[in-house]
Amino acid sequence: MEQVNDWNFVGSLHVIGTPKAQPRVKGCIRGQHAAIYTPGTANGWKDTIRLTAASLAGRELTSPIYLQAKIILPRPKARRKDHYVVTRPDIDNLLKAIMDVLSQVRVWHDDAQVVRLEAEKIYQAEDLACGAEIEIYEGVEDE
């Protein structure tokens, strides 16, 4: 198992698709009752992550987690020379969608275990398809 300083490599995922941010919970009135719901705008993206993460599903890691993520978004014609995406969607909402799915498929017990995070959102390039490149490490036990 590869080790980075105090972290053991668990696995990597290369998710191909158009990244979507985790939408905010919304409120509405149904009849005479208030209700809340989460819009399904990211469901397709989250399903793609879920399928890609099948090889890591069920591990239920319990140690601290170090997550590295590179999120690659479609390049608009007006941004031919730009590398980084400085517009919406927000990087924290993109990461939330990824971490929620990894919790749901039980790669780890809870996304609160993520104690270290490195992330960037960039535009796609000729050699880079839209999606996400994710690496997961777990903390090394003290001896």
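Trp7 is buried, and Tyr66 is buried as well, where buried means under 20% relative accessible area, exposed means over 50% and partly exposed lies in between, with a 1.4 Å probe and protein chains only. The model is predicted, so local features need pLDDT of at least 70 and side-chain atom pairs count only at pLDDT 80 or more, while totals for chains, interfaces and linings use all residues. Residues are numbered from 1 along each chain as its sequence is written, and side-chain values use heavy atoms, with hydrogens and water left out.

**Aromatic pairs**

The structure holds three aromatic pairs, a pair being rings of Phe, Tyr or Trp (its six-membered ring) with centres within 6.5 Å, called stacked when the planes are under 30 degrees apart, edge-to-face when over 60 and tilted for the rest. Two of these pairs are set out below.

| Pair | Distance between centres | Angle of planes | Class |
|---|---|---|---|
| Trp7 and Tyr66 | 5.5 Å | 55° | tilted |
| Phe9 and Tyr137 | 5.5 Å | 70° | edge-to-face |

Because Phe9 lies in strand β2 and Tyr137 in strand β7 (residues 131-139), their pair ties together parts that are 128 residues apart in sequence; strands here are DSSP runs of E with at least two residues, helices are runs of H or I with at least four, and both are numbered from the N terminus. Tyr137 counts as buried, at 3% relative accessibility. Trp7, Phe9, Tyr66 and Tyr137 form one aromatic cluster. The charged end of Arg116 sits over the ring of Tyr66, 4.1 Å from its centre, under the criterion that NZ of Lys or CZ of Arg is within 6 Å of the ring centre and within 35 degrees of the ring normal.

**Helix packing**

The axes of α1 and helix α2 (residues 91-104) come within 9 Å and cross at roughly 50°, the axes being lines fitted to C-alpha atoms over the stretch in contact, with angles from 0 to 180 degrees between N-to-C directions. The contact, defined as heavy atoms within 4.5 Å, is made by Trp45, Lys46, Ile49 and Arg50 of α1 and Ala97, Ile98, Val101 and Gln104 of α2.

**The loop proline**

Pro39 is found in the loop between β4 (33-37) and α1 (43-52), and it is buried, with a relative accessible area of 16%. Not counting residues up to four places away in sequence, Pro39 touches Pro23, Arg24 and Lys26. The C-alpha atoms of Pro39 and Pro23 are separated by 6.3 Å, although these residues are 16 residues apart along the chain.
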